[in-house]
Amino acid sequence: MDDLVIPLAVNASEYDNSALLSTFARYISLQLAAVTAETWGAARAVAVRGAIRTLGAMLKAARIDRCVYVDHWLVLRNLNAHLTEDQVARLTDFLVERFPGHAIVFTLTPLTHAPLLNLLGARGYDFVYGLHTRMMLPTQAEGNRQVRENRRRDSRLLEAAGYRLVDGREVPGCAPRLVELYRALNGEKYRTNLQYTEEFFAWTLREGILKYTLAVKDGRVDGFYGHHVHDDVLFSPVFGYDVALPQELGLYRGLVYQLMQDGVDAGQTVELGAGADPFKSLRGAIPIPRWNAVHTRHLSSFRQGAWRMLRRFANDALRPASRGMMRKLDGEDVKGFDPLSLPFTPPTGQTPQEASRSLRQQVDALEQALEAAAGLESEARLRALAPLSQTLHNWPQPVPRVVALRERLTRLEQEARRKPARATADAQVAPAEHARQLLEGAARLGDTSLIAAHLGEASAQHLKAVVESLRQAAGCVGVVLTATRGDKVVLVTAASVALRGQGLDAGQLMAQVAPCVDGKGGGSAEVAWGGGSRAEGIDAALAAARSYVQSRRTPGERS
């Protein structure tokens, strides 16, 4: 239609098909499998299963699986076209004429296709809750403390177990092993997933339809995932690992971490799908509802009645059950699972495309600001770089571009500190004003402000006055200042009362920075003085201070 290719998946009565291609399998077979005596209690499970079977018999009588699934890409997700009102009308009319005995079904999420869902509603489509998926937007990648800690642990698992991550194209003939790993997982643990052949893996590898990442150890592939990206959403339809290996290896956890990191690095939304909800929730993936938009007005009244019955079951029973489960896992602020209310809007407030665009614009702005600062000299450059340093060093889940900008920032700071004009800073500004400027440019590390700066040829009197002003500052403030006396380095560190109360003092800071300039020092917990003989180590000393304070965040944020 127009310049669009819109695939159709047509079913008639394959009630034992995959839930992706069978309404009966999704709403009856899957639900029956989920109702067990362990989760519902023996008596209640019998009653619930009996009710679901009765509903299933009525749906079969109404030929509920006689459906055309529109814009259905079988394996791939999020490829649905963003249709206009006119295109929705023309496509609906065509499908009703071409398939007069089939219900017309679109399956969409309001996160990615809220406008299309609203157009379908205006055209007379009804909405049937279609269970959920899980996604993580790039602007939500940091998560809370527990999420960060879980992902930090997951990031180390594969390397600790001796695995290398390899592009599937670099392992010729791996398709048979991928089939074996996929079926080992999906033939037992996830039986409702699609079953793929060796030809499928060989074809998607060869044509680049999916990008495969393999976990390889001693020349053996023990795990993998394949993903595709469309409209700034990364989705993995195939995943597998050797379930016979010890769970302590963390193959699953390590592979899921890397999959999510692929999206984070590219500034994309990651869709992890449903299943293993507790695990995915603890990694920052939030639940997103999926809705079936169903057109049945051309069907008989009996079949329309069956769809109304299914809609009540899905919207009034399954949806509240899903909401209850999500709230237990994700908290009370779960969005999108309340009773159906039009118009649809993205539950997160942003679409994946908007989130990725926002992230790119932020990084673009930082890049431009760095370039502008590069044209300044000495003190002016350092003042311009101070807020950029704070933003870059506190960036959640830094993407490769941010890491590159951090390196650029460090080089610009080093160049500025080498300028002779830096040596006369104390002559140009009063100590109290200098302290205020340093405090404004402090790096924020959790709830701690760290002032780590080189003051050039500042006098001892000026250093003492600046440190005294900074030590009296409110809040958790750490100070690491360096100055030079010819080829000698002067060091001074200080800690505010609040910072000392968190267990971090001036002596600890001195112990971190002095070795970098081949020096030593000492003093009280409030202020410590020292010196060294290696001026070229000043930048390393300041960086060591930042790293140390970062690792010693306040208890509320400490890893």
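## Asp-154 and Arg-283

Asp-154 and Arg-283 form a salt bridge, with the closest N and O atoms 2.7 Å apart. Asp-154 sits in helix H6 (residues 145-160), and Arg-283 in the loop between helix H10 (277-281) and strand E10 (286-295), so this pair ties together parts that are 129 residues apart in sequence. Both Asp-154 and Arg-283 are buried. The model is a predicted one.

Arg-177 belongs to helix H7 (residues 175-186), while Asp-242 lies in the loop between strand E8 (233-241) and helix H9 (251-266), so the bridge ties together parts that are 65 residues apart in sequence. Arg-177 is buried, and Asp-242 is buried too.

This pair belongs to a network of salt bridges. Its members are Arg-177, Glu-180, Arg-220, Asp-222 and Asp-242.

## Arg-123 and Asp-93

Another salt bridge joins Arg-123 to Asp-93, with 2.9 Å between the closest N and O atoms. Arg-123 lies in the loop between helix H5 (110-122) and strand E4 (126-136), and Asp-93 in helix H4 (residues 85-98), so the pair ties together parts that are 30 residues apart in sequence.

Are these two residues buried or partly exposed? Arg-123 is partly exposed, at 33% relative accessibility. Asp-93 is partly exposed as well, with a relative accessible area of 43%.

## Overall count

The predicted model has 32 salt bridges.

Terms used:
Residues numbered from 1 in each chain as written. Predicted model: local features only at pLDDT ≥ 70, side-chain atom pairs only at ≥ 80, totals over all residues. Heavy atoms only, no water. Salt bridge = Lys/Arg side-chain N within 4 Å of Asp/Glu carboxyl O. Helix = DSSP H or I, 4+ residues; strand = E, 2+ residues; numbered from the N terminus. Buried < 20%, exposed > 50% of the residue type's maximum accessible area, 1.4 Å probe, protein only.
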